[in-house]
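Trainee: I have a structure open and would like to learn how to read it. Could you walk me through it?

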Amino acid sequence: MIAALDQPKIQAILTSLVEGVIIFDLDGQVIVANHIAERIFHTARGTLVGKTMQAISPNNGELVAMVDEAVSGGKETFAETMLGTHNQVYRVVVRPIKNDSGQMEGTVVVFHDITDIRNFAQVRSEFAGNVSHELRTPLTSIKGFVETLLDGAMANADTCRRFLTIIDTETDRLSRLIEDLLTLSSIESKEKLIQPVPVNLAHSIRTVINMLGPQISEKDLMVKFIYPPEMPLVHADEDLLGQVLINLLDNAIKYTPIRGVVTIRCRERESRIVITVTDTGVGIPEDSIPRVFERFYRVDKARTRSQGGTGLGLSIVKHIVESHGGQVFVKSEVGKGSTFGVCFLTV
Ligand SMILES: Nc1ncnc2c1ncn2[C@@H]1O[C@H](COP(=O)(O)OP(=O)(O)O)[C@@H](O)[C@H]1O
Ligand SMILES: [Mg+2]
């Protein structure tokens with residue numbers, strides 16, 4: 001009989017589990033419950049003992065019925081249910097305990113917290129929805145212009161050129177989106193394999209400034225690069241560090257009107273280098289600031305779309321920086337400009 005078992009020993013075993021466990025006797029009353037189970041039902045130490053499932057959780061009819069079916073019918077069941085005040089989702093398994101000769105000795109109920117798994121699945125499916133939407137928008141536009149051309153608009157050389165230019169722009173957007181999505185998924189799959197090497201940050205920054213040279217001159221921007229005379233090397237995957245710098249500088253350029261100033265500054269702080277990119281651009285409204293690192297978030301969808309943004313850049317930045325053990329931050333004022341900061345560990 002379970003009741004005869006060494007209770008402290010059972011308790012010790014149950015305490016080491018991450019699942020909530022409650023064991024009922026043949027009458028459906030609790031013999032033992034571990035502290036996770038007590039936490040799920042918000043009760044004090046030892047107070048579940050002697051109670052029935054009905055008394056423990058009167059509002060959860062499903063759970064009460066499951067335990068009843070096990071206690072009186074020897075039936076094994078499982079379900080997913082919400083318990084507790086924080087909307088935690090649990091997978092609950094109710095299983096009769098039988099001895100070697102098949103006689104019922106009691107019932108065990110195990111509560112496995114699957115909230116994170118469920119949330120993750122939801123984030124995934126939202127992401128897939130967003131991706132489909134973002135891909136469909138340029139595709140619909142391309143399809144529309146192609147059809148109009150085939151319907152006869154092709155005959156007019158000016159119209160033809162204008163429509164083809166739009167198609168060209170939309171095709172570029174599609175490839176940028178796909179490139180950003182590939183970057184995101186490659187960081188996700190590489191996350192545990194990132195092998196940081198000592199990188200000369202000043203060199204990486206100069207390379208990126210040169211790469212974006214055409215956009216900088218096109219807007220007649222001034223770019224300043226300020227860094228300490230003896231800057232230590234940083235620990236980073238060089239390609240990914242480059243992605244971070246490109247995205248930050250690209251935004252600073254894109255969201256700053258002509259003849260503005262972009263300042264890239266490196267400072268040494270304890271065992272880190274903090275890199276900030278400050279611009280004199282349009283700035284970000286206060287309520288949007290906490291959201292700019294979200295995937296596909298854009299302050300002004302229409303405007304940024306016309307500038308070819310995918311809304312993935314900063315989420316890529318955050319992902320990369322955090323997978324290197326660093327942090328990101330942002331300060332901004334509408335009409336004055338923004339500062340984006342990231343940090344990397346020094347060697
Ligand atoms: N330097 C900046 N100045 C003003 N707004 C910015 C800046 N950087 C980012 N943002 C805002 O944050 C949004 C998300 O940035 P990001 O993820 O890089 O996407 P996007 O592809 O639109 O550049 C942008 O659409 C823009 O609204
Ligand atoms: Mg961007």
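Mentor: Let's go from the overall layout to the sheets and then the helix pairs. First, the ground rules: this is a predicted model, where local features need pLDDT of at least 70, side-chain atom pairs count only at pLDDT 80 or more, and totals for chains, interfaces and linings use all residues. Residues are numbered from 1 along each chain as its sequence is written, while chains are lettered from A and ligands numbered from 1 in the order in which they are written.

Trainee: How is the chain divided into domains?

Mentor: Domain bounds come from an automatic or database domain assignment. Here that gives domain 1 (2–113), domain 2 (116–193) and domain 3 (195–347). Taken over C-alpha atoms, the centres of domain 1 and domain 3 are 53 Å apart.

Trainee: On to sheets, then. What is the strand order in the open sheet with antiparallel pairing?

Mentor: Helices (H or I, at least four residues) and strands (E, at least two) are DSSP runs, numbered from the N terminus. Two strands pair if DSSP finds at least two bridges between them. In this sheet the five strands come in the order β2-β1-β5-β4-β3. Its edge strands, β2 (30–33) and β3 (77–83), each pair on one side only. From one strand to the next, the twist averages 20°; angles run from 0 to 180 degrees between N-to-C directions, and axes are lines fitted to C-alpha atoms, for helices over the stretch in contact.

Trainee: How many bridges join β4 to β5?

Mentor: Nine bridges connect β4 (residues 88–98) with β5 (residues 104–113), and the two run antiparallel. To find your place there, look for Val 92, which sits opposite Phe 111 in β5.

Trainee: Which strands make up the open sheet with mixed pairing?

Mentor: That one also has five strands, in the order β7-β9-β10-β12-β11. β7 (222–226) and β11 are at the edges with a single partner strand each, so one side of each has no neighbour in the sheet. Ignoring direction, neighbouring strands are turned by 15° against each other on average.

Trainee: Where do I see the parallel part, and what packs on the sheet?

Mentor: β7 and β9 (residues 261–269) run parallel, joined by five bridges. Phe 225 stands opposite Ile 264 in β9. Helix α7 (residues 201–211) packs on this sheet and touches β7, β9 and β10, with its direction at about 175° to that of β7. Touching here means contact: C-beta atoms, placed from the backbone, lie within 7 Å. Helix α9 (residues 238–254) lies across β9, β10 and β12, at about 20° to β10.

Trainee: And which strands pair with β12?

Mentor: β10 (residues 272–279) pairs with β12 (residues 337–345) in the antiparallel sense over seven bridges, with Thr 278 partnered by Thr 339. β11 (residues 328–333) is also antiparallel to β12, over six bridges. Among the bridge partners are Glu 333 with Gly 337 and Ser 332 with Ser 338. The β11 and β12 hairpin has three residues between the strands, and Gly 335 takes a positive phi near 85°.

Trainee: Now helices. How do α5 and α6 pack?

Mentor: The general idea is to check the angle: under 35 degrees counts as roughly parallel, over 145 as roughly antiparallel, 65 to 115 as roughly perpendicular and the rest as oblique. α5 (residues 115–150) and α6 (residues 157–190) pack at about 160°, their axes 9 Å apart. So α5 is roughly antiparallel to α6. By class, their contact has 14 nonpolar, three polar and three charged residues. Ala, Val, Leu, Ile, Met, Phe, Trp, Tyr, Cys and Pro count as nonpolar, Asp, Glu, Lys and Arg as charged, and the others, Gly among them, as polar.

Trainee: What about α6 and α11, parallel or antiparallel?

Mentor: Their axes come within 10 Å and cross at roughly 20°, with α11 covering residues 313–323. The two helices α6 and α11 are therefore roughly parallel. Asp 180, Thr 183, Leu 184 and Ile 187 in α6 meet Ile 316, His 319, Ile 320 and Ser 323 in α11. That contact has four nonpolar, three polar and one charged residues.

Note on methods
Contact = placed C-beta atoms within 7 Å.
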